[in-house]
Every structure is written in C-alpha cells, then in structure tokens.
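This briefing is meant to be read beside the sequence and the model.

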Amino acid sequence: SRDADAARDRVGYLPEERGLYKKMKILEQLLFFAEIKHRRGTDSKARAQAWLSRFGLGDAAGRKLEELSKGNQQKVQIIAALMHDPDLIILDEPMSGLDPVNVVLVREMLRELRAAGKTILLSTHMMGEAERLVDDIVLIHRGRVVLSGPLSEVRRSHGTDTVHLGFEGDSAFLSALPGVARASVQNRAAELRLASGADPQALLSACMGRLRLHRFEVAAPSLEEIFIDKVGDDAAEPEEAAS
C-alpha cells in the first residue's frame, strides 16, 4: 500500500553482510539506492558527493565497488543507508572492517544524526562501542532478552563496586589481590570487580607499589561486565545445533 511504501522510505538499513553491487560504479550505485527510496535528481547527487567527501572517498565516485578496500566498501554501504535521509536508521555492525580513524568518524556521524532527531537502532557485539553511543540498551543472549533499559540506569543498578584502572607495568598480580572477586585485564587497562566489603583504598595502596597508575576510578561496571554477570557460565557453553 501507499502508506506502507511511505513508511519503508523513512527507514535506512545497513545489513551486516554487504548488499552492494561489486561491478557498479560508486556514485551510480548510491544514486540507485536513493531512487528506489523515491529520491532522485541533482539533490541526490549532491548528497552522495557530500557523503563521499566526508568519508574520504571524494575521488572514488567513478570507481567500481570491487576496486575499494573492505573498509571503504563498508563506508559506501553506510552512505547507501543514509542517502534518502531516513528518520529510523537500523545498523547491523556498522564498524565492521573499519580502522580506528574511521570508527571515530562513523561514531561522530552517528552522534550528529541522533542530535538531528534521528532514531538509531544499533546492533553490535562491541560492548564498548555501544556504551559510547547508546541511550537505551537491550542485551540478548541466545534469543532471550536478559537485560534492557536506559544505559545509565542499567549501570547504576549494578552498583559502584568496580575499580577501573589505567596503568603501566606488570599487572599479572591483580586477579590475586585480596578483595578482588574478578579481574578483566587488557594491556594497560583493567576492570576489577570488588568482593563484598572490600576496601578500594587498600586496593589502591597495593597497586601503587607495583604499577604506575594514571587512572583509578571506583564506578559502575562496564556493559561487558554486566553482560557476563547476567549470562554467567552459560556464555561459555556451545550453542545448541539448530533442528
């Protein structure tokens, strides 16, 4: 129906699997995706060229998709999802294949779209990325919702018994410290879940003698730690085969 078509035209969708045409030139491809959403003409061309320039692809408009790197193909696919200026934007792993510089670029772009009043539904396994961007979360494990709500409330509801560390030095001892129930250590950062009644000041004293600290914060756990808490040992079990 006409109403259904109009509703679909308000939606922009980025699939995880690339849905572009390898042999088609970039600009022609973007104009095609705009036209199937009933957007055409000089405005669409100007919009496509503006997006390409912003993503560092201004000189690639006449090239075929297959000539680009995977990261640049991902940027073209993101642009294709935005060509018709949708109100609802559904993104499945938008950072896939992007280097750190372009991750920041896409992150800033998403914040601008949110500030402009767009509704963005972001599907990702990158918990840290979600934590930087989202207002509300739904955590799903094996097809079941295990946690949902405003991100700030979800984090606050899990208490402030976590120490976030930034440091230089050998951190192998952290998980064995008295008062540490669980330690997640990655390079020069760590997240330490405290046991009930543990004193953060005692932990600070123990760390200062062995590490050069540049961050020590007692706060709510990260989204990744909250997810681990919710799913527990179930996350380590193999998925059941589909019947």
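In this predicted model, four strands make up an open sheet whose order is E7-E8-E6-E9, with antiparallel pairing. The edge positions belong to strand E7 (180–186) and strand E9 (212–219), each of which pairs on one side only. Averaged over the sheet, and with direction ignored, neighbouring strands are turned by 15° against each other.

**Strand pairing**
- Strand E6, which covers residues 162–168, pairs with E9 in the antiparallel sense over seven bridges.
- Within E9, Ala219 is the residue that stands opposite Thr162.

**Helices on the sheet**
- Helix H8 (residues 200–208) packs on the sheet and touches E6, E7, strand E8 (189–194) and E9, while the direction of H8 makes about 165° with that of E9.
- Helix H9 (residues 223–231) also packs on the sheet, where it touches E7 and E8, and the direction of H9 makes about 130° with that of E7.

**Nonpolar cores**
- The largest nonpolar core holds 34 residues, of which Leu30, Phe55, Val76, Val106, Met109 and Leu110 touch the most other members.
- Two or more residues of this core come from each of helix H2 (26–35), helix H3 (42–54), helix H4 (70–82), strand E2 (88–92) and helix H5 (100–115).
- When residues up to four places away in sequence are not counted, Met109 touches Trp51, Arg54, Phe55, Ile78 and Leu82.

Notes
Residues are numbered from 1 along each chain as its sequence is written. This is a predicted model: local features need pLDDT of at least 70, side-chain atom pairs count only at pLDDT 80 or more; totals for chains, interfaces and linings use all residues. Side-chain values use heavy atoms; hydrogens and water are left out. A nonpolar core is a set of buried Ala, Val, Leu, Ile, Met, Phe, Trp, Tyr and Cys residues joined through side-chain atoms within 4.5 Å. Buried means under 20% relative accessible area, exposed over 50%, partly exposed in between (1.4 Å probe, protein chains only). Contact means heavy atoms within 4.5 Å. Two strands pair if DSSP finds at least two bridges between them. Axes are lines fitted to C-alpha atoms, for helices over the stretch in contact, and angles run from 0 to 180 degrees between N-to-C directions.
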